[in-house]
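Keep the sequence and the model side by side.

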Amino acid sequence: MPDEFTTSPNADGPVQFIPSDYSAPPPRPGMGLCLSGGGYRAMVFHLGCLIRLNEAGLLKKLKRISSVSGGSIIAGVLGLKWKSLDFKGDVAQNFELVIEPVRTMAGKTIDVKAVLEGVLLGTISKQVEEAYDSTLFHGATLQNLPSDEEGPRFVINATNVQSGALCRFSKPFMADYLVGMAPLPTVPLAKAVAASSAFPPILSPCVLEVDPGNFKPDPACPLQKEPFTSKMVLSDGGVYDNMGLETVWKDYQTVLVSDAGGKIAPEGNPKHDWILHGIRVLDIVDNQVRSLRKRQVIEAFKTHGSFHNGTYWGIRSHVNDYHLTDSFDCSEARTLELAQTPTRLQALDPEYQERLINWGYAICDTAIRAHVDSAISKGKLPYPSSLI
């Protein structure tokens with residue numbers, strides 16, 4: 001099976017194992033980046049992180065970029081623009097090709113319109129897909145992403161509601177380990193991103209019509225049959241893997257995790273009706289899983305003899321936790337304000353975008369200099385007049 005279907009036998013790692021994993025070799029040398037979900041908050045925060053990784057010469061060195069939900073919006077843009085980036089000395093000189101469309105997208109509210117038009121004209125996720133395509137992707141498909149020889153492999157993750165497993169979109173294949181693999185998919189990039197960011201219950205599900213003949217026959221896949229091979233019912237990738245860890249952790253030794261996920265707030269008088277109470281319970285489950293994975297990732301980095309190294313940074317991290325003497329001066333109160341940005345596809349004003357970008361840049365700078373390469377020089381905020 002393809003490399004995403006394998007992992008190391010480290011049962012304490014922060015990803016789910018499948019039976020065939022245990023005979024697989026340890027992860028190989030190489031660096032991958034995981035981009036979490038979180039709506040526009042995540043998209044814009046991750047943009048700051050990508051700006052810093054590019055300036056540090058690390059972006060060009062990535063072998064895999066795995067994303068879910070809001071992280072998949074910016075991953076899709078980066079993947080589409082990758083072959084046009086002018087890399088000199090491992091640094092893209094024209095990174096505005098990524099910055100400009102992402103900031104344009106962040107200035108548009110699309111979730112409310114998608115809900116209203118979706119009710120009248122069709123599925124809500126279809127309206128989101130069309131908004132992504134008109135602003136960002138312009139008819140591109142997964143085949144417009146770079147090949148493994150041209151750049152990192154971009155893996156856009158959604159959750160298959162039918163199988164309960166991860167559905168992985170990439171240029172070489174689309175796959176669910178229970179359903180099988182469809183080589184060289186021509187799925188629109190906007191559709192893959194819409195599926196990955198179809199956060200429930202409002203924007204989910206995203207339905208993908210599939211030709212059963214596209215799947216490579218595989219008797220090891222128990223769900224390679226109708227209706228699983230003709231119609232895939234998909235939801236937000238964060239439902240299954242809320243930091244996009246799995247497709248990097250299983251394959252590469254060096255893992256960078258950018259986490260813009262939210263955190264559930266206390267609620268003194270939770271709702272009792274079954275809809276809102278159910279949503280509250282699901283939020284608690286998501287919060288617990290995210291917290292557990294975060295702890296496991298960090299402990300794996302700290303453990304002597306672990307298969308992995310790398311670093312984690314989050315929108316709720318604090319620069320003081322990394323113990324650098326020259327980290328950016330970031331007010332914890334102001335960064336927590338940014339972390340509380342709602343998980344929406346709701347327009348952010350330009351100055352607020354710049355603050356989020358600066359914060360992503362600053363905490364990424366701190367994390368990579370503390371735990372990846374201490375020789376990297378401290379960066380300069382992309383928008384110094386906006387501070388953080």
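**An enclosed helix**

Of the 14 residues of α5, 10 are buried, so the rest of the structure largely encloses this helix. Buried means under 20% relative accessible area, exposed means over 50%, and partly exposed lies in between (1.4 Å probe, protein chains only). Helices are DSSP runs of H or I, at least four residues, numbered from the N terminus. This is a predicted model: local features need pLDDT of at least 70, side-chain atom pairs count only at pLDDT 80 or more, and totals for chains, interfaces and linings use all residues. Residues are numbered from 1 along each chain as its sequence is written, and side-chain values use heavy atoms, leaving out hydrogens and water.

The buried set in α5 includes I124, V128, Y132 and F137. Helix α5 covers residues 124-137, and its end C-alpha atoms lie 19 Å apart, which agrees with the 20 Å that it should span at 1.5 Å a residue. That expected span is 1.5 Å times one less than the number of residues. Just after α5, H138 takes a positive phi of about 50 degrees.

Now turn to a helix pair. Helix α2 (residues 70-81) packs against helix α6 (residues 189-196) at about 160 degrees, with the axes 9 Å apart. That makes the two roughly antiparallel, a label for angles over 145 degrees. S72, I73, G76 and L80 of α2 meet L189, V193 and S196 of α6; contact means heavy atoms within 4.5 Å.

Last, look at α8 (residues 274-302), where V289 sits. V289 is partly exposed, at 36% relative accessible area.

Conventions. Axes are lines fitted to C-alpha atoms, for helices over the stretch in contact, and angles run from 0 to 180 degrees between N-to-C directions. Angles under 35 degrees count as roughly parallel, over 145 as roughly antiparallel, 65 to 115 as roughly perpendicular and the rest as oblique.
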